[in-house]
Structure formats: C-alpha cells, structure tokens
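Hi there,

Here is the structure I promised to pass on to you.

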Amino acid sequence: MAYYSLFQLYYKLLRSLIYSKTKYAAGGVCTSTARLDGKTVLITGANTGIGKETALDLAVRGARVIMACRDVEKGEEAAASIRAAYSKADVEVRELDLADTCSIRAFAQKFLREVNHLHILINNAGVMMCPYTKTVDGFEMHIGVNHLGHFLLTSLLIGLLKRSAPARIVVVSSLAHNFGWIRFHDLHSQGSYNSGLAYCQSKLANVLFTRELARRLKGTQTHTDTQHMGERTDDPHCSNKTQQVED
Ligand SMILES: NC(=O)c1ccc[n+]([C@@H]2O[C@H](COP(=O)([O-])OP(=O)(O)OC[C@H]3O[C@@H](n4cnc5c(N)ncnc54)[C@H](OP(=O)(O)O)[C@@H]3O)[C@@H](O)[C@H]2O)c1
C-alpha cells in the first residue's frame with residue numbers, strides 16, 4: 001500500500017513537472033485588442049504559420065499590413081485568405097528573399113520610395129533545422145536568413161522607423177536561443193555542421209542584435225522586443241502564443 005502511494009506521488013510530481021515545462025515553453029497568449037488604425041506594419045515570412053496569423057490579427061485591429069514573402073504567389077494566397085476572414089483587411093504582398101542581399105536591397109529601395117510610414121517591423125521569417133545550405137551570398141542558411149538578412153533589412157529601414165516614431169521593431173527569436181552560442185571561429189559552420197546548433201546560434205544572434213539595437217535606439221521612441229513565439233501545435237494555424245524574452 002505504502003509502495004503504491006509512493007508511486008502515485010512520484011507519478012503526480014512527474015506530471016506536474018512536465019505540465020509546467022510545457023506551459024513555460026508555450027509562453028503567454030497575446031490578448032491585446034489595442035487598435036492600430038493608421039499604423040503601417042511590415043511582417044517578414046507572412047505567407048504561413050506565425051507570420052500569417054500575426055498579419056490577420058493586426059489587420060483585424062485596423063493596421064495596414066505589408067506581407068514580405070519570398071514566394072509572392074503563396075503570399076497572395078495568404079492575403080486572400082486573410083481578406084476572406086476579415087473583409088476590411090488592408091493587406092498587401094511584396095517580394096523579399098532574405099537569403100539574397102540583392103533582393104533585400106531591392107525590397108527596401110522600393111519600400112522607401114512607395115511607403116511613407118513604418119510603425120512596426122516584425123522580423124518573423126525563419127528557417128529551422130534545414131540541411132546544410134548557403135544563401136546566395138555564401139552565408140550558412142540559418143545565420144544568413146534568420147539573423148543577417150533581418151539585420152540588413154532593419155538597417156535599411158531604420159531611418160523610416162525613426163521618422164515614423166513611436167515605432168517598434170519585433171524580432172522573433174525562440175527559447176532555443178538559450179542553447180546557442182556564437183561560433184565566432186566558424187560562424188558559417190564550414191568546419192562542422194549541426195542543424196540544431198545552427199538554428200540556436202541564429203536565434204541567439206536575434207536576441208543579441210535586439211539588445212544592441214535597444215541600446216542604440218535609446219531616446220528615439222523606437223522600441224525593440226524579442227519574442228519567443230511559443231509552440232506551434234499545428235501547421236497552418238499556430239497558437240500564436242508569445243513570451244517576451246528581451247525588451
Ligand atoms: N514554430 C514554433 O514552434 C516556433 C517556436 C519559437 C520560435 N519560432 C520562430 O517563429 C518564426 C516563424 O516560425 P513559423 O513556425 O511560423 O515558421 P514557418 O511556418 O516555417 O514559416 C516561416 C516563414 O519564413 C519564410 N522564409 C523562410 N526563408 C525565407 C527567406 N529566405 N526569405 C523570406 N522568407 C523566408 C517562409 O517562407 P516560405 O513559405 O516561402 O518558405 C515562411 O513564410 C521563426 O522565426 C521561428 O524561428 C517558431
């Protein structure tokens with residue numbers, strides 16, 4: 001009998017431990033209903049997953065949402081489904097391939113010519129644990145897309161963000177950043193490659209970039225956030241749970 005109770009206690013403890021760990025990884029749920037009328041938002045990788053859900057949510061709250069996608073056709077399909085869900089959605093799609101600095105520069109040039117304000121930039125697009133590949137410019141894909149591509153995009157748009165202040169830059173990272181370190185001796189994993197470590201390194205780079213950006217933007221009314229986007233429980237419709245990692 002005593003043996004049985006001990007087993008029950010152990011089982012309950014284990015269950016509550018797993019539950020707390022899952023809850024921690026899932027993060028909080030964004031329940032904000034703040035209106036964003038008159039605000040312009042740019043989201044990278046908005047044709048699917050977390051980016052698409054975020055685009056829908058911000059459009060419903062009145063923002064003009066610009067969806068930056070590498071596959072315009074997929075982007076247009078996503079925009080159409082957002083309009084189908086909310087007929088007043090002000091969404092548009094623009095082409096951006098973060099694995100190609102020429103594409104990023106062309107995107108920014110056109111954007112700066114045609115868009116007068118940018119209040120929120122959401123650096124969301126990301127590759128996760130892909131086989132070893134390189135960007136057009138020869139960077140390892142995770143660090144190239146997740147960090148360097150967004151680094152260049154943000155640098156090119158920072159003037160417009162400052163002119164549109166109050167503004168916000170959100171960098172989508174992950175709790176995975178905790179398991180990463182920056183391999184300064186082999187940033188592009190040419191010596192050895194592990195897709196998990198490459199992902200974690202890129203997500204840590206996201207956090208470090210945001211922290212330094214926050215320091216440099218102090219007093220400009222342009223704020224920065226890094227977000228862990230929780231756990232996706234299914235493919236096209238994520239849970240969109242967010243947990244702030246850094247401010
Ligand atoms: N999923 C999770 O549980 C989780 C947890 C923590 C953090 N995050 C972070 O949340 C973000 C979004 O994740 P997700 O789950 O929504 O991923 P996803 O469904 O795989 O979507 C990734 C998006 O990034 C785009 N993308 C990839 N490479 C690109 C490039 N070279 N140029 C432009 N866009 C590119 C993809 O476009 P295509 O459709 O054309 O490939 C897609 O739109 C990522 O930064 C990820 O690290 C996710």
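**Strand 5 and its neighbours**

Strand 2 (residues 40-44) and strand 5 run parallel and are joined by 3 bridges. (Two strands pair if DSSP finds at least two bridges between them; helices, H or I with at least four residues, and strands, E with at least two, are DSSP runs numbered from the N terminus.) Opposite isoleucine 120 in strand 5 stands valine 41.

Before going further, two notes on the source. This is a predicted model, in which local features need pLDDT of at least 70 and side-chain atom pairs count only at pLDDT 80 or more, while totals for chains, interfaces and linings use all residues. Residues are numbered from 1 along each chain as its sequence is written.

Strand 5 (residues 120-123) has Ile120 and Ile122 pointing one way and Leu121 and Asn123 the other, and all are buried. (Buried means that 20 or more other C-beta atoms, placed from the backbone, lie within 10 Å of the residue's own; exposed means 12 or fewer, and partly exposed is in between.) Strand 5 also pairs in the parallel sense with strand 6 (residues 167-173), over 4 bridges, and there isoleucine 122 has valine 170 as its bridge partner. Together with helix 5 (residues 141-163), strands 5 and 6 make a right-handed β-α-β unit. (Right-handed means that, with the strands pointing away from the viewer, the path from the first strand over the helix to the second runs clockwise.)

**On to strand 6**

Strand 6 is largely enclosed by the rest of the structure, because 6 of its 7 residues are buried. Strand 6 and strand 7 (residues 222-228) run parallel, with 7 bridges joining them. One of the pairings sets arginine 168 against its bridge partner, histidine 223 in strand 7. Between these two strands the chain passes through helix 6 (residues 195-216), and this β-α-β crossover is right-handed.

**Helix 2 and the ligand**

The ligand is surrounded by 27 residues, the closest being Gly45, Gly49, Ala125, Gly126 and Ser174. (A residue is near a molecule if its C-beta atom, placed from the backbone, lies within 6 Å of it.) Helix 2 (residues 49-60) gives the most to this shell, with 3 residues. By type, the shell divides into 11 nonpolar, 10 polar and 6 charged residues. (Ala, Val, Leu, Ile, Met, Phe, Trp, Tyr, Cys and Pro count as nonpolar, Asp, Glu, Lys and Arg as charged, and the others, Gly among them, as polar.)

Helix 2 is itself largely enclosed by the rest of the structure, since 9 of its 12 residues are buried. Among them are Gly49, Lys52 and Leu56. The buried residues of helix 2 pack against strand 2, strand 3 (64-69), helix 3 (72-85), strand 4 (90-95) and strand 5. Just after helix 2, glycine 62 takes a positive phi of about 100 degrees.

**The whole protein**

The protein has 6 helices and 8 strands, and buried residues make up 39% of its 247 residues.

Happy browsing!

Notes: Contact = placed C-beta atoms within 7 Å.
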